[in-house]
Amino acid sequence: MEPDVSMETGSMIRIAVLPVGGAIPHRQLREYAAMLGRQTRIDLSSISSFYKEHQKSPFAHQPWETGCLRFKYMLGGAPPSPWEDFQSCRKILAVVGLCHCPSSPDLDLVADQFAAACKGYSSALAKRCFAFCPTDSQLEDDGKKRENIILFPPSDRQTQEFHMLTMVQDLAATLLMEFEKWVLRAESTGTILKTPLDSQSSLGSEEVIKAKKRRLGRAQKTIGDYCLLAGSPVDANAHYSTAIELARLTGDVFWHAGALEGSVCALLLDRMDQKDPVLEEEVKYRYYTVIQLYRRSYLQDNAQRVSTVSFELEAALKLARYLCRRELAKEVVELLMGAADGAKSLIDASDRLILYVEIARLFGTLGYQRKAAFFSRQVAQLYLQQDNACAAISAMQVLTMTSNAYHVQSRRANSKPHTSPHELGPSHGDGGKLHPQSVVSLFESQWSTLQMVVLREILMSSVRAGDPLAAWSAAARLLRSFYPLITPAGQSGLASSLAKSAERLPPGTRCADPALPFIRLHSFSLHPSQTDIIKRNPLKKEWWTGSAPSGPFIYTPFSKGGTTNTNKQEMTWIVGEPVQVLVELANPCSFDLIVESIYLSVHSGNFDAFPVSVSLPPNTAKVILLSGIPTKVGPVSIPGCIVHCFGVITEHLFKDVDNLLLGAAQGLVLSDPFRCCGSGKLKNVSIPNISVVPPLPLLVSHAVGGDGATVLYEGEIRDIWISLTNAGTVPVEQAHIALSGKNQDSVVSIAHDTLLSALPLKPGGEVTLPVTLKAWQLSMVDSEIDSSKSSGSTRRISKEGSSPVLVVHYAGPWTHSDQSNNTENSVPPGRRLVVPLNVCVLQGLRFVKARLLSMEIPARITDALPKQLYGDKNPAEVVSRDDSMVKIDPYRGSWELRLLELELSNPTDVVFEVNVSVQLDNRKNEHGMPILNHENADFGYPKTRIDRDYSARVLIPLEHFKLPILDGSFFAKDSRASDAFCSKVSNMAERSAKAELNASINNLISKIKVRWHSGRNSSGELNIKDATQPALQASVMDILLPDPLTFGFRLAKNGATAQINGFPEESIISGDPPSQCVNGSAVKCKGSISAHEMTHMEVLVRNNTKEMIQMSLCVACRDVAGENCTEGNNATVLWAGVLNDIRLEVPPLEEVEHAFSLYFLVPGEYTLQAASVINDATDVLRARARTDSPDEPIFCRGSPFHVHVVGTA
Amino acid sequence: MIVCVAVVGHENNPLYLQSFTEADDALKLHHIVHSSLDVIDERVNNPKKSGSTLNETFLGLLYPTENYKVYGYLTNTKVKLIMVMTDLDVKDADVRSFFRRFHAAYVDAVSNPFHVPGKTTTSKSFGQRVGSMVKSFGPGATA
């Protein structure tokens, strides 16, 4: 059997083309052969000039105008066929030698060689040797005129081709004349034609007769063949008709079929251009007959030796090729399947090979790709049976062709459209969409049984063929696509064959087909310096506003920013600043995978990727960080990764894996490599449009003294020094600091000026800013129990993320000096730096509770009122005293002390010192006099030390907060509320009154500062507000408001009420202990009272309100036992004057005196106390007394005065 | 005797392929089924149907190969049912009725709410049903 047969084969003149002489370089040989190969159709009209009619041509009807000769060049020649006599077209009718003169200097030698080579082709009628590129000497030498050697003088291509055409035409003319000669001879003398069918050894008489009969028919058939070759179909047809008749008569079935076949060829040549259905029917009819005849000629007895099956199959293939059209597919399929079935009866393996090749080709032409693939695979198997390298190469190539039909093709085959970066960009833009083509490939990839077989065979054949790259590629495809179907041992085997193939490849070989691992894009790891690129608004002074993402969450530095930010379609990278991309690798196989290097594949050429090497244990997935540096301004596209694994460099596209995963999700692909490695599902990460911008300034911050969290106790105040360094290559020209995040109010101050004065900050420049922090209070919400400590002492520390954050917006110059072509992007963007103030707040001193304590120390009665503080001439003396906080209320005359007791505990492990101070503003009363004339009314207290795990109480006197006057203003709201009957209004009023009350409490509390120190440099302030508020709530009125009436007692001298000026030093005697008076001099005891002596006294009643008060005053004197001494039978004190029911009217803010005298019978301690019932009390008074009913008498009691009566009883 | 039945999805993806031979020729049957898709594709793309055969789902004999005959059936959802058999003379009506039953079985199988369309059919009861159908085909045809 012969390959590539068709119905027209019968008209083709076979010419062997042989290289002669010295070795011809490949390129030249190819070129010469191609030049020759183009001359396949030689028009008869063109050869007429070379043709000389010696005798009358036997080809009477030769179409000199339209006909042609057909040449078929057999490169390298062909062995003679035993069927040459049967079909003349099988003969080699001419030999053409190709000689490259520079490599074969001796032309004589060439001529000899050529002659020797021609000896093998006895059937050749013409011989030519074409010698190319002859040297000058050879050209001169040519004068000898060697037979058959034709020198092609060196010239340009066109000329050479023309020369070649001429030579071929000459050859054609020679052949034509030879054919004529042959035919004439055959017609006159006859020939003996034999085929292997005719038994050669034993010619019985019967057979001799038979052969004689048949000879004429066979001769006619052969003449017909030569007519066909000579391009004269009409003559051929005539001879064939005769031959058919004769063959039928003599029962020469085989030659009958051959003649019929020839007649079809003649018919087709004759009607070359027409292809009408009638002709087709005719051809079909004749060919089916041909096939029938060939089948009939099959002789059982010599089937062992020779078979006509190949002719039958060849005829079937010829017909199939003739009919090979979609419309006739069914018929063609039947013919081809029939031919395929016939393969079994073919003896020769190479015949079978040719048959399958032809069947596969015809199926391919028909569009039956799968069938073509099936037969190609059969071809490959036949090749593989041959067990030599060439056959293996052929097998590999044939299988590679089938890989398309089975959808296991190498990517190299269809990589052309993928190479351009423009193609890659948009295809990535549309994220998870599958391309219809790839969908089909996913579907078809389910024919895994077939696909694996094909890939295995490709692998096997390429190993045998010695093509390591093809082997690597096949093994990679097999492993990557079908790992779930391959046993662990098989996977390891594939891995080792990958490694073995790679050993035979030069280092740095690239392969289009990726092997392992599977790589998908995980996320873009965004350094904050990348996220915080902010478009500058050149119109606004605060250029960053409006461009930052709006909404309640400006920036949360601790959120998992990486993944969420990739949703953005736009991303900006900066020239020279490294960027990072997270990719996930999966090794679903059962061997250790060592990725020698992996780096991002960037086609845009403006990115330097840094390779890393990874080792993946069996069945694992790993997320790794790939980094690189953008080098040039422009867009960047990242279609995948370049992987150096198993010794070969491959590009792994993210898109492929995305498609694969999508296919796995739809159940189209065997398995998801990431899922089977235990990696979770990842949402489809789309690659944003990345653009690279020119360099920007880059501020880097660090806290001076370490970037660790500053540990502060609650309320501690400390400066943190933040240092900002410009790590970029562009100066910072604008900068602005803002606060963000939680606990913003804990930042007391930021040195804005320091930053502004440092601008412009040159590259490498540094500026250090102090930031004053006051640690915030821990609440239950934003603190967490530090359970690492023992359960006994749980400590609360602040949660992470509750620290405030400094946001620095900064930008370089408005225009880049080195960028002249900044037409569209004239303003380079600014940046934002987020500096978290890492503060860890520890729980500090803790309040246990706050209480309000009140106590009274009775004043000692003297001849003077206790000196009013504002009247004191030497206030500094008062202040300087240790107990300066403890003052006698000027209007009350006694020490009624209200103390705020704060109980503090120290749960920490350091010692705290607490220092209380009260800050008083210098309020003026209506008289323009300061009530408390402390210049800087800060009272120093001795420090209270609280050891660790101890608690302590701190007392804060609340004496200095009294208002001077009780008037309606305080109760304004109250009084109005009582006027209004509308409950709603009153409700409102109550609420506002409450608010006012709270405000006054807050005001009061804010004046009290509790500062603490701990260690050398920890200091802070305790927030007592919340703790003290409830304590003060109930009694704030008592603290703030004076009583409406204050009472005082003093000694009167002979009823005169003159103020005593002579005893300034003793004006405050109540501070002295009583014993001092006893033991002291007479002068000192001047103010003391003796028993058995009439003592004149005065009671002073001061009205603290702005209204006249009418009242009835009572004065009571009690002894130590609390018995009333002035009444009853055993009265120990006698009196003169009125003590009870004294009716008095006190004008507003005035004092009224009432004199009386007491006579003490018994020395000792007494207490004088004044009280009064106010008549017709006003609302203000009622409110002060907290009474609601208008009838209730308002009772006002003064504080007790102490009387020390000396003398003997 | 039926040696193989197969269901192929509308994207030419195999959904079900079962051979009923003792011999180890699964690969060969895969190939036969796979290459029969060419013929089906061809018939679907170049329908020469008219009139009465317009709604015909039975594609008839797709092609004979070696000892086998391959029959095809195309559902209206473009799912292909393929049968490979060794019987040389079989009435089309028998094959047609076999395919009807096969189709019904397949429809029942994919009506399972847990079946994912486009995935290979793994239903055991479908397999059993097809198996019994195939077994009953031989004697039924001869009788």
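How many salt bridges are there between chain A and chain B? The count is 1. This tour of a predicted model goes from the whole contact down to one pair of helices.

**Stop 1: both chains.** Show chain A and chain B together. The contact takes 28 residues from chain A and 29 residues from chain B. Between them the chains bury about 2,600 Å². Carbon and sulfur atoms carry 59% of that area.

**Stop 2: the salt bridge.** Select A:Arg370 and B:Asp38. Their side chains meet in a salt bridge, 3.2 Å from N to O. Then look for polar contacts: 3 residue pairs make them between chain A and chain B, counting pairs with both residues at pLDDT 80 or more.

**Stop 3: the chain A side.** Colour four helices of chain A: H11 (329-342), H13 (369-386), H16 (436-444) and H17 (448-465). These are the elements that give two or more residues to the side touching chain B. By class, that side of chain A has 13 nonpolar, 9 charged and 6 polar residues.

**Stop 4: the residues at the crossing.** Which residues of H17(A) and H1(B) meet? From H17(A), select A:Thr449, A:Leu450 and A:Val453. From H1(B), select B:Leu27, B:His30, B:His31 and B:His34. By class, this contact has 3 nonpolar and 4 polar residues, and no charged residues.

Terms used: Residues are numbered from 1 along each chain as its sequence is written. Chains are lettered from A and ligands numbered from 1 in the order in which they are written. This is a predicted model: local features need pLDDT of at least 70, side-chain atom pairs count only at pLDDT 80 or more; totals for chains, interfaces and linings use all residues. Side-chain values use heavy atoms; hydrogens and water are left out. Contact means heavy atoms within 4.5 Å. Buried area is the accessible area (1.4 Å probe) that two parts lose on being put together, summed over both. A salt bridge is a side-chain nitrogen of Lys or Arg within 4 Å of a carboxyl oxygen of Asp or Glu. A polar contact is a pair of N or O atoms within 3.5 Å; within protein, one must be able to donate a hydrogen and the other to accept it, and residues adjacent in sequence count only if both atoms are side-chain atoms. Ala, Val, Leu, Ile, Met, Phe, Trp, Tyr, Cys and Pro count as nonpolar, Asp, Glu, Lys and Arg as charged, and the others, Gly among them, as polar.
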